[in-house]
Amino acid sequence: MSARPQKNPRRALLGVGVAAAAGLALAPGVRLIELARARAAGESASSQVRWGMLIDANRCAAGCSACVDACARENSLDSPIDLRQRPQWIRKVELKQIGTGRTAAAPVMCQHCAEPPCVDVCPTGASFKRADGIVLVDRHTCIGCRYCMMACPYKARSFVHETLTQQKPEVPRGKGCVEGCTLCVHRIDRGQGPACVQACAESENGAMVFGDLNDPASEIAQRLRAQASAALRADLGLEPAVRYQGV
Amino acid sequence: MNARIRQHTTLPQILPGLALLLLAALFALTARAQDAGRTPKPTIIIESQQHCIAPPEKMRREHPDMLRHQRVRTVHLGERGSKVSLNACIECHADRQSGSVIGSDHAFCQGCHSYAAVHIDCFDCHQPSIRPNAPRLVLGATP
């Protein structure tokens, strides 16, 4: 089979146009609107923003599960049921290169693809991408068919098998729906970053950086510009918003 | 023949009884009118003294549409801080004892919904309580 084209050429052209317009409108380093802020009441998420994450596997300690624990705390994911059935929004993956024996560890969660396969296959439109690039499940429309779990190459989605009672008011979840990492959308909308990134910074590994990929002045955009990074399964052309170093 | 004649009663004979019955009926009617009318009503306790976002008549009739409309805007567009908010309903209307809007027929949501026989799906996913007394988390549960 021939290789898939990396991008729809029309989209690429559109992107260049938008970038050029933004560059003309704003002086370097000065932004008319600060994008990493809590939005005003009633304001929609902006398509000028694309939230993303950079994970440095060189700094991710093998035994550390600070991000996984923080995610479970933040989203109230704790459950007494079997580990294989328990919803899992983020997991630590340990990699070993067979030839050299080099090992690395990194968290893997929803990669918030620009071209998400979960959205393509969803029969009800419950799986969708928000304007700022966050891929979410609308549980009001999810019928629990789990097509998206099949379609996701990152195994990022889980199904809720049990009745839940200890949900947090800002993170509603329930039996019979598929769910996955929301990039802590409730925190982002308050102007904060994801809980896993905060926990990683507090653990002093500092392996995770969160920010706006579209903002050239953001830390994540600067690091992505300066340093080599990779998308997981880049061959699929999904353009994830989560990128890795040292894997 | 004699027996049948004896069974017949004249109006003046039953008049005191009739009058008593009429009085009793009148008394029962007025008592019920003073209570809650003839229709049974759900017994919900509204403890919050604040004003709701709309008059009660509008809220009673339109709250499902208001919530459904806003949930789409919140989930898909990312609008936050809207006047219409399920969490705000719960904050204001949760029972002071149980801290919940469901759980008994006096609770704010369940009271009316069980009276009207309308199933509430909201709390299959949304937290119905203002004090989620969750026993939090077993740490280090990384597979």
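Tutor: In a right-handed crossing, α2(A) passes α6(A). This is a predicted model, in which local features need pLDDT of at least 70, side-chain atom pairs count only at pLDDT 80 or more, and totals for chains, interfaces and linings use all residues. Residues are numbered from 1 along each chain as its sequence is written, while chains are lettered from A and ligands numbered from 1 in the order in which they are written.

Student: Why is α2(A) called oblique to α6(A)?

Tutor: The axes of α2(A) and α6(A) cross at roughly 135° and come within 8 Å. Axes are lines fitted to C-alpha atoms, for helices over the stretch in contact, and angles run from 0 to 180 degrees between N-to-C directions. Under 35 degrees is roughly parallel, over 145 roughly antiparallel, 65 to 115 roughly perpendicular, and the rest oblique. The angle therefore makes α2(A) oblique to α6(A).

Student: Which residues of α2(A) make the contact with α6(A)?

Tutor: They are Ala66(A), Cys67(A), Ala70(A), Cys71(A) and Glu74(A). Two residues are in contact if their C-beta atoms, placed from the backbone, lie within 7 Å. By class, the contact of α2(A) with α6(A) has eight nonpolar, one polar and one charged residues. Ala, Val, Leu, Ile, Met, Phe, Trp, Tyr, Cys and Pro count as nonpolar, Asp, Glu, Lys and Arg as charged, and the others, Gly among them, as polar.

Student: Which residues of α6(A) are buried?

Tutor: Ala195(A), Cys196(A), Val197(A), Ala199(A) and Cys200(A) are buried. Buried means that 20 or more other C-beta atoms lie within 10 Å of the residue's own; 12 or fewer means exposed, and in between is partly exposed, with C-beta atoms placed from the backbone. The cover over these α6(A) residues includes α2, β1 and β8 of chain A.

Student: How many residues does each chain give to the contact between chains?

Tutor: Chain A gives 30 residues and chain B gives 24 residues. On the side of chain A, α2(A) gives the most, with four residues.

Student: What is the mean pLDDT of chain A?

Tutor: The mean is 89, and 85% of the residues of chain A reach 70 or more; pLDDT is the predictor's confidence in each residue, from 0 to 100. Over residues 15–35 of chain A, however, the pLDDT is below 50.

Terms used
Helices (H or I, at least four residues) and strands (E, at least two) are DSSP runs, numbered from the N terminus. A crossing is left-handed if the near helix is turned anticlockwise from the far one by less than a right angle, and right-handed if clockwise.
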